[in-house]
Amino acid sequence: MRNPFVLAALASVLLGGTAFAEPMFNRIATFSVPLNLPADRDASKKTVAEIIAANEAGTLLAYTDGEQKALGLIDITTANAPRPAGFVPLGGESTSVTILGDKAFVAVVTSGDNFKEPTGHLATVDLKTRQVVATCDLGGQPDSVTLTKDKSKIVIAIENERDEKLNKGALPQLPAGNVTLIGIKDGGIDCASRQVVDMTGIAAVEPTDPEPEFVDVNQDGLAVVTLQENNHLAIIDTRTGKLVAHFPASTVDLKGIDKTRDGQIKPVEELKGVAREPDAVRWLDNDRFVTANEGDWKGGSRGFTIFRKDGTIEFDSGNTVDRLAIQLGHYPERRSAAKGSEPEGIEAGTYGNDRLIFVGLERASLVLVYKDEGPGRPPRYLQALPAGIAPEGLLAIPQRNLFVSASEADLGEKGGPRSAVTIYERSEAPAAYPTIVSTEVDGAPIGWGALSGLSAHATLPGRLHAVTDNAYSPSRILEIDATQKPARITGETTLTSDGKPVSHDVEGIATRPAGGFWLASEGNPEAKDKRTQNILLRVSAKGEVQEEILLPEELAKQATRFGFEGVAVTGAGADETVWLAVQREWKDDPKGKAKILSYKPGSKSWGVLHYPLTTAASGAWMGLSELTFLGNDTLAVIERDNLFGAKAVKTLATFSIKGVTPAALGSATIPTVEKKLLRDLTPDLMKLGGYGLDKVEGMTVDKDGNLFVVTDNDGVDDSSGETQFLALGKIAH
């Protein structure tokens, strides 16, 4: 499905055009949720930031942390410097929140995993004292809360969710959920006014078990409710508590998508009759609303849909959401057989005269921004915002030109990023993200991610090559045009051997003076397959593997799983020398010294130097991620630790090989090079407003002496998918 509005937007926004010169959002701060934990809580334990709300001034945020069974507060009076502002224990799993005046109303599930007897209540939190001052029993498990626009009632979707482990999550699983209305009296909840709206008997999928998921109310007092598993939508008049309309969310046929988990991003497949199964929903005006079609049980159409309140479908995004994620390097290939990018969150806000739609992609960790062009016209894509991992809560704060996303994934136990709240500001400044995108070839965007190494074109300034690691297969060499902003991936070459595609864990690439490339493939000596060994590959310009060079046995037996990470080449012809950076110490290395290996193709001889690693912080490690030749007998490396944030170490360093002779294998003495700091990259990463990426993995200098650096997004696996391609200009060394 080729959609004209997306194609036009890509030409104007992604690829640097100016057809739509208008205000853009840029990320200005990221708040790490564990910072809000009190001293008596273990900060290493899992946290989440799920649904988020703000006070009327837009200076205080409140987010639900179901893992910690609490409500977290963030002071954003200074938006680019958010501060912890409170932590309120709730005695149960918090699922949703809304704010009125100095009170936060929080949905709390108290039944835990008891799906047969769900219980919950609505807690009132005094935002001045940071205390729960009232509760109202809801008779079930609440999932979404919102206020009517006149502030007279709270509307609550009581889901009474199913046990997904029971009978493979099949419906029905009673008791049935409902929609509950509670009046507001003197600024607080009037529990005695509680009114239950029955939602059974309306959905065709399983009428006895509606499972209301998300609710929103328009200016006319009409509440739209998603019945996600039932692929159904309902309209309730909150003034009377009457169900006034309901209709199926229907299905969609998808073409030009990737539906197969196979290590390749190939959007050339199709699915028919996919149930939308919408999750979040927001009114655009009094007559239209928009849904995020995440899917849950059987469906998930990978997009968003604009409905009229009579059930008419005005617009559906089709395949464009997944295709945008692919072009931006955020597509989660491992979710191809499930729900792709998985749009889950939706928000709408009016900024000046612009009604904007925000679509949160849970698995791609992106927020897509569109402009609502009004009834009967498709929304126009504006930009994509990098988020924390798995954004769920989306919040427009137009009174301050701010937008906020809350990300529920916390990978601290895996050594990854923590859950986060990200703040963006709308201004006249151009969009800073993305920094690199792919173009279409034969009608489909080039899939990419996990950029693990860079090299420069031999003769063309601003033209680069990149490799992807084993997050994808088969291995490929990508062509990059860095003369444009954002940089563009314009082509790809598949690695082949005897005419067949091959896969390696390629971590480094160097352009050969004689044509073609040297590639460094990282190995794992614990595996028996030789392709998991460290291999130096000589490859033609067409991607044909011409030679596979293994380490000599006496060297290979010292290897650990932290192997080849970068490759560079000096000299030409008989003087050609290939240099390889080993990530961390091997078994025979002194602590704090990693190997720089040399290989002379002419004599097939190996040599070794030592590189002195900076001492890592406690609990972290330090290693090398890239190697490149700068000229004048000078090599440069990326030296980095495995930490995130402002205290992490991400540096470029140089060392001279002039007069330095690598030791022969087995030598008792190995020369240690003298390193010199070229650039500290941590400030470059932190000024981007994110959590401070850890995997700085690619570096090269082009024909004109311009320095480029790129981060590896791990193929969007346990990662936000964010890639930063840094054009750092001329270097002096």
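Which residue in strand 8 is the bridge partner of Lys103? In this predicted model, the partner of Lys103 is Asp126.

**Strand 7 and its neighbours**

Lys103 belongs to strand 7, which covers residues 103-109. Strand 7 pairs with strand 8 (residues 120-126) in the antiparallel sense, over seven bridges. Strand 6 (residues 93-100) also runs antiparallel to strand 7, and seven bridges join the two. Within this second pairing, Ser96 has Ala107 of strand 7 as its bridge partner. Strands 6 and 7 form a hairpin with two residues between them, and Gly101 in the turn has a positive phi of about 60°.

In a regular strand, side chains alternate between the two faces of the sheet. Both faces of strand 7 are covered: Lys103, Phe105, Ala107 and Val109 are buried on one side, and Ala104, Val106 and Val108 are buried on the other. Because seven of its seven residues are buried, strand 7 is largely enclosed by the rest of the structure.

Four strands, in the order 40-41-42-43, form an open sheet with antiparallel pairing. Its edge strands are strand 40 (506-511) and strand 43 (545-550), each of which pairs on one side only. From one strand to the next, the twist averages 20°. Five bridges connect strand 40 with strand 41 (residues 517-521), and Val506 has Ser521 in strand 41 as its bridge partner.

**Salt bridges**

The structure holds 41 salt bridges.

| Pair | Distance (N to O) |
|---|---|
| Asp287 and Lys309 | 3.3 Å |
| Asp354 and Arg426 | 2.8 Å |
| Lys604 and Glu547 | 3.5 Å |

Asp354 lies in strand 25 (residues 354-361) and Arg426 in strand 30 (residues 420-427), so this pair ties together parts that are 72 residues apart in sequence. Asp354 is buried, with a relative accessible area of 13%, and Arg426 also counts as buried, at 10%. Asp287, by contrast, is partly exposed at 33%, and Lys309 is partly exposed at 31%. In the remaining pair of the table, Lys604 is exposed, with a relative accessible area of 53%, while Glu547 is partly exposed at 21%. Salt bridges that share partners also join Asp285, Arg288, Arg308, Glu314 and Asp372 into one network.

**Thr654**

Thr654 is located in strand 50 (residues 650-656). Thr654 is buried, because its relative accessible area is 7%. Beyond its neighbours within four places in sequence, Thr654 is in contact with residues including Leu630, Leu635, Glu674 and Leu678.

Methods
Residues numbered from 1 in each chain as written. Predicted model: local features only at pLDDT ≥ 70, side-chain atom pairs only at ≥ 80, totals over all residues. Heavy atoms only, no water. Buried < 20%, exposed > 50% of the residue type's maximum accessible area, 1.4 Å probe, protein only. Contact = heavy atoms within 4.5 Å. Pairing = 2+ DSSP bridges. Axes fitted to C-alpha atoms, helices over the stretch in contact; angles between N-to-C directions. Salt bridge = Lys/Arg side-chain N within 4 Å of Asp/Glu carboxyl O.
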